[in-house]
Amino acid sequence: MPYTFIAKVLIAISLTLLTGCSQSLNSSIEYYQFEQAIKPIQRNSIDTSTQLRINTVTLRGALNNRGIAMKIDNNQINAANYHLWSEAPDQMLTASSHQTLFTALDDWMVVKGLPVITDKDQQSYYELEYELHHFYGDKQGNADIAGLWRLYYTSFEHGRSLQAVHYFSELTPLVENDYEGLVASLEKTWHTINLQVAAQLHTIKRSSKIH
């Protein structure tokens, strides 16, 4: 049932309020992270024609919280007390995005949050910014990620300019009605979004005079 998970969350919140401080003594904290496998891969600058710098993902409001978030109502988000991300979500999402784009963009040199300042040729590069407005489970039984990404281009001659802005919204049904299922579904959704971005970056590069 799609409402099973949200019902469990609401019950857990009610029990926490009723039992007060004793709950914290009896509950164990569980930590979660994306399971994205590391694949052996390497790339040399001489084999690439374009550089892409991925900035740290920005999450709106309280979404960059170690407590895994659930949307309880239209204007209410709850962060779990005992089901936590193993690291800050912005760092986890950035690392996942970097790995996906590095693999998908085989003729790009993709770097994560590093200054691209070496010789003159390497001072021309694309820059990707993510801004997430949704990053949670919802009461319909979905993983919900929505927001926007911006693409900039910086050149030695002309400086930094905005190339594109894209809004996105992706819902993925939970693979299981529990926190493990929510985490797995959020990871699947984020992977799909990044593959879509990779395809759009290929199109932008082909249609642009910038290389």
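1. Residues are numbered from 1 along each chain as its sequence is written. Because the model is predicted, local features need pLDDT of at least 70 and side-chain atom pairs count only at pLDDT 80 or more, while totals for chains, interfaces and linings use all residues, and side-chain values use heavy atoms, with hydrogens and water left out.

2. Strand β8, which spans residues 142–155, is mostly covered, since 13 of its 14 residues are buried. Strands here are DSSP runs of E with at least two residues, numbered from the N terminus, and buried means under 20% relative accessible area, exposed over 50%, and partly exposed in between, with a 1.4 Å probe and protein chains only.

3. Strand β7 (residues 125–137) runs antiparallel to β8 and is joined to it by 12 bridges, where pairing requires that DSSP finds at least two bridges between two strands. Phe-135 stands opposite Ile-145 in β8, and the hairpin of β7 and β8 has 4 residues between the strands, with Gly-141 in the turn showing a positive phi of about 85°.

4. β8 is also joined to β9 by 14 bridges, again in an antiparallel arrangement; Tyr-153 stands opposite Ser-161 in β9, and 3 residues lie between β8 and β9 in their hairpin.

5. Strand β9 covers residues 159–173 and contains Val-165, which is partly exposed at a relative accessible area of 43%.
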